[in-house]
Structure formats: C-alpha cells, structure tokens
Amino acid sequence: IIHKATVSAPTNIACIKYWGKADSHYNTPINDSLSLTLDQSDLRAVTSASASLAFDKDRLWLNGSEEVGAASSRRFRACVDGVRALATEKIDPDTKEVIVSKDDWKKMHVYIASYNTFPTAAGLASSAAGYAALVAALVELFGAKESYPGEFTAIARQGSGSACRSLYGGFVAWRAGGEKSDWSDSIAEQVADEAHWGEVRAVICVVSDAKKETSSTAGMSTSVATSELLAFRAKEVVSKRMKIIEEAIKAKDFEAFGKVTMMDSNQFHATCLDTYPPIFYMNDVSRSIVQLVHRYNDWAGEIRAAYTFDAGPNAVLYTLDKHVIELLALVLKYYPCESEDLMGDYVNNKDMVS
Ligand code: DP6
C-alpha cells in the first residue's frame, strides 16, 4: 500500500529581509523579517509525498530527475523527521479502523517528487516554495498535528529560512526568536490575511533566469562574518522597520509600506557590498529598474510602486491594483518583451499578476 498526498505552496517575497543566521544548526535568523505570500501567482512548488513499507529508502525527485543523496541532507531530514514526529494515526472513515498507526509511519520510507513552476535558484525564492510545499505535503500525508502554534513553520525554517513564511497567506512575519534554547520561538506568524489588503499586486520582472552565483546560505554566512553594517542593521534598524511596516499594513498605507520596502531592499544590498569579498546580486538592469520606479513615483507625486530585490538581479515591484496597468505600460516601454503580450494577458486574466 502506498499512502500519498499532493499539495502546492506559493513563494513569498520579503519586504523586510532575512539575511544572516544566528544559529546555523537550527537555521535561525539574526533579525525578524516580513513578506507577502504570492498566493495567486504561478510561482509555486507542487509536491507529492508518498510513504510505504515497500519503499527501501527515502528518495527525492526535483523537476523529474532524482537528486541522489539529497534525502540524507540535513535540511531534508529536519523536515521529514520533524513532521513525522507529529504524525497521527490514520483511521478509515467508514470502518473507523486504524489503517496506519504512529509506529507504522516511523517504519515507512518516503518518496518525494517536487516541481517548480519557475526558474530555480534565480533569486525568486524557489527554496521558500519548495520547502513549504515539502512540509505541507508531509503534514497532509502523516496527518500531523502541531503541539504549539507555528510548529510547522519552525520545521519548514530548518529546510530554508524563508520557507517558514510561505506556510501562511497574506502578510507574514518571521519572529527571530532566541528566548527558548531550542529556538522553538523562531516561527512565522500571519500579520494580516490575504483578504485584508487584496489590492496589493506584485509584478515580477525577470531580469535573468540564470542560477545565482552566490547562494543565500553561503552569502549570508560571509556577510555575518565580515559586514559591520549587517550587525548594525540587525541590532538597530530592523525592529524599527518591522513596527513601521506592520502599522502600514494594518492601515493599508501604501506610501509607508512602499518606502520601507525599498529602503530595506537597498540596505540588504548595501550589506552585500559591505561583505568582504563583496557580493553583487543586482546588475545594471536591476539598477535601472530602481531608477525607473523612483522617477515614476516622483512624476506621480506619491509612491505608486516599490521595488525589492532578493539574492539575484530580478525585480519584484509591489503596487496597487489601480496602478498595475500604468506600471506595466511603463515597464514594457523601457523593457519590451518581444514574445509576450503581457498587457493583454493582464487585462484578460488578472490572476497572472498576483
Ligand atoms: C534574500 O531562505 O534562501 O531571499 O535559510 O539559508 O535557505 P536559507 O536562506 P534563504 O534566504 C533568503 C534570503 C532573501 C531574503 C528573504 O527572503 O527574507
């Protein structure tokens, strides 16, 4: 018998960035962060998790090809073993008989197959969607129950930090934690749900879909070791910005939300430059998008769009529904996409810009 569950999880894009680990074993951050879950977008991971006594070992397939040895990686083990520890017995809904006991789950191996619907490792937070989908699929498979709120996010965080924020929709904060010795307080929590400020849109500008040169994990470790600016940011800056952005979200104040989002992206990339040797994630096109957004906002006399960049050159532009067409027109004027009628697609299918 094979037990199986399939789920999908969206990516999330941070407005207040996570950069730097406080504890590399538990994979916990040096500061809080906050993101939007892009739950209407195509940027998702779809994951099937199966368990059976007939499987001889744990195996993982990514986009159709097997990742040999990946099932023994610490990140993968933390997710599988973490969720399995919270498994409940599986009951037949008709006969009320126990089909799988908690002990049976422990004896089974798992097969995991995951698909990304977007370029992997191009700085579009694919690991966030990937590990969130892995944890969500395992929760479904094992019928797992949390022993405290946020426990699943603490497990996903050990897969990839940013993944903990993708388990919830809407605006999600990841509280750094650290009061508890086992870091069980380093969890994600919803600040506002997806219905709260439904006018917010994200326009993803793919500047390059090449794999990034410096992985987030490696980059942030060098930054923690060498950047004094990063230490200052974690100690003095982020907590103030978390307050500002959480208030802006609650009040639906795009002016305040957009400004702090842009400033935090800029500071994150400044800490990358302050890292020794420096890390360059943004390129000339990224920087020209920054200038375009500022010129647009200056022309409008208000903040209508806010850019943010993760560990890669691609821009995510946050805006409001009422400005999307104007923003797309502007972006497509300066960066024409030859093969695609993005504007027409948007008018016909609003879901494509999440
Ligand atoms: C720039 O979550 O990919 O996107 O925990 O090592 O897997 P690991 O790092 P990861 O880092 C994401 C960094 C970021 C900012 C953010 O999403 O907050």
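**Close-up views of a predicted model**

Figure 1. An N or O atom in the side chain of K21 lies 2.5 Å from an oxygen atom of the ligand. This is a predicted model, in which local features need pLDDT of at least 70, side-chain atom pairs count only at pLDDT 80 or more, and totals for chains, interfaces and linings use all residues. Residues are numbered from 1 along each chain as its sequence is written, and side-chain values use heavy atoms, with hydrogens and water left out. For Y18, an N or O atom of the side chain is 2.7 Å from an oxygen atom of the ligand. R75 places a polar side-chain atom 2.9 Å from a ligand oxygen atom. A polar contact is a pair of N or O atoms within 3.5 Å. The ligand is surrounded by 18 residues, of which the closest are Y18, K21, S160, G161 and S162; a residue is counted if one of its heavy atoms lies within 4 Å of the molecule.

**Figure 2. Packing of helix 1 on helix 4.** Helix 1 (residues 74-84) and helix 4 (residues 151-159) have axes 7 Å apart, at an angle of about 160°. Axes are lines fitted to C-alpha atoms over the stretch in contact, and angles run from 0 to 180 degrees between N-to-C directions. Helices are DSSP runs (H or I, at least four residues), as are strands (E, at least two), numbered from the N terminus. The two helices, helix 1 and helix 4, are therefore roughly antiparallel (an angle over 145 degrees). Their crossing is left-handed, that is, the near helix is turned anticlockwise from the far one by less than a right angle. In this contact (heavy atoms within 4.5 Å), R74, R75, A78, C79, G82 and V83 of helix 1 meet I155, Q158 and G159 of helix 4.

**Figure 3. Packing of helix 6 on helix 7.** The axes of helix 6 (residues 228-251) and helix 7 (residues 254-274) come within 10 Å and cross at roughly 165°. This makes helix 6 roughly antiparallel to helix 7. The crossing of helix 6 and helix 7 is left-handed.

**Figure 4. Backbone features at P277 and W183.** Y276 and P277 are joined by a cis peptide bond, with omega about -5°. P277 belongs to the loop between helix 7 and helix 8 (284-300). W183, a residue other than glycine, has a positive phi near 60°; W183 is located in the loop between strand 12 (171-174) and strand 13 (188-192).

Key: Parallel < 35°, antiparallel > 145°, perpendicular 65-115°, else oblique. Polar contact = N/O pair within 3.5 Å; in protein donor to acceptor, adjacent residues only side chain to side chain.
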